[in-house]
Amino acid sequence: MPPTTLTFSPSLYPPAVDLPALYPASLTPTALTSLRTYYHTTYRDQFFSPSGPPTAWFGVFLWMEALYHLPLSVWAIPNLYK
């Protein structure tokens, strides 16, 4: 179980909770799997169940987040402070 004092920046949330579903099982760190399981049991969010998302569109949404939202956020956040 992850520590309760762990806080996430909004830019770190997607790779830590959302995107491990897209990683190959052999490359998924145990910490991310534990965090995802903790999130699912604590908030009972069915989109993050260990058996996978309940709908096909959510898988497409995860890919859009990985390919568009995450790179854009990585680029935009430092530029907000300029």
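R44 is exposed, with a relative accessibility of 68% (exposed means over 50% relative accessible area, buried under 20%, and partly exposed in between, with a 1.4 Å probe and protein chains only). R44 lies in the loop between α2 (30-43) and α3 (56-80). Its phi is positive, at about 55°, although R44 is not a glycine.

The model is predicted: local features need pLDDT of at least 70, side-chain atom pairs count only at pLDDT 80 or more, and totals for chains, interfaces and linings use all residues. Residues are numbered from 1 along each chain as its sequence is written, and side-chain values use heavy atoms, with hydrogens and water left out.

The protein has three helices and zero strands (DSSP runs numbered from the N terminus: helices are H or I of at least four residues, strands E of at least two). From the N terminus on, the order is α-α-α. Mean pLDDT is 78, and 80% of residues reach 70 or more (pLDDT is the predictor's confidence in each residue, from 0 to 100). Over residues 1-8, pLDDT stays under 50. The model has seven contacts beyond four places in sequence for this segment (contact means heavy atoms within 4.5 Å). Where pLDDT is low, the predicted coordinates should not be read in detail.

Buried residues make up 29% of the 82 residues. The largest nonpolar core has six members: V17, L35, Y39, F48, F58 and L62 (a core is a set of buried Ala, Val, Leu, Ile, Met, Phe, Trp, Tyr and Cys residues joined through side-chain atoms within 4.5 Å). Helices α2 and α3 each supply at least two residues of this core. Leaving aside residues up to four places away in sequence, L62 touches D18, L19, A21 and L22.

R36 is found in helix α2. R36 counts as buried because its relative accessible area is 11%. Beyond four places in sequence, R36 touches V17, D18, P20, A21, F47 and F48. Among contacts between residues at least 6 apart in sequence, 42% join residues at least 24 apart.

The accessible surface comes to about 6,000 Å², and 69% of this area belongs to carbon and sulfur atoms (areas come from the Shrake-Rupley method with a 1.4 Å probe; for residues, only the protein chains shown count as cover). V60 lies in helix α3. Together with W57, F61 and M64, V60 forms a nonpolar patch on the surface. The four have about 430 Å² of accessible area together.

Key:
Patch = residues over 30% accessible without salt bridge, like charges linked within 9 Å, V, L, I, M, F, W, Y side chains within 5 Å. Salt bridge = Lys/Arg side-chain N within 4 Å of Asp/Glu carboxyl O.
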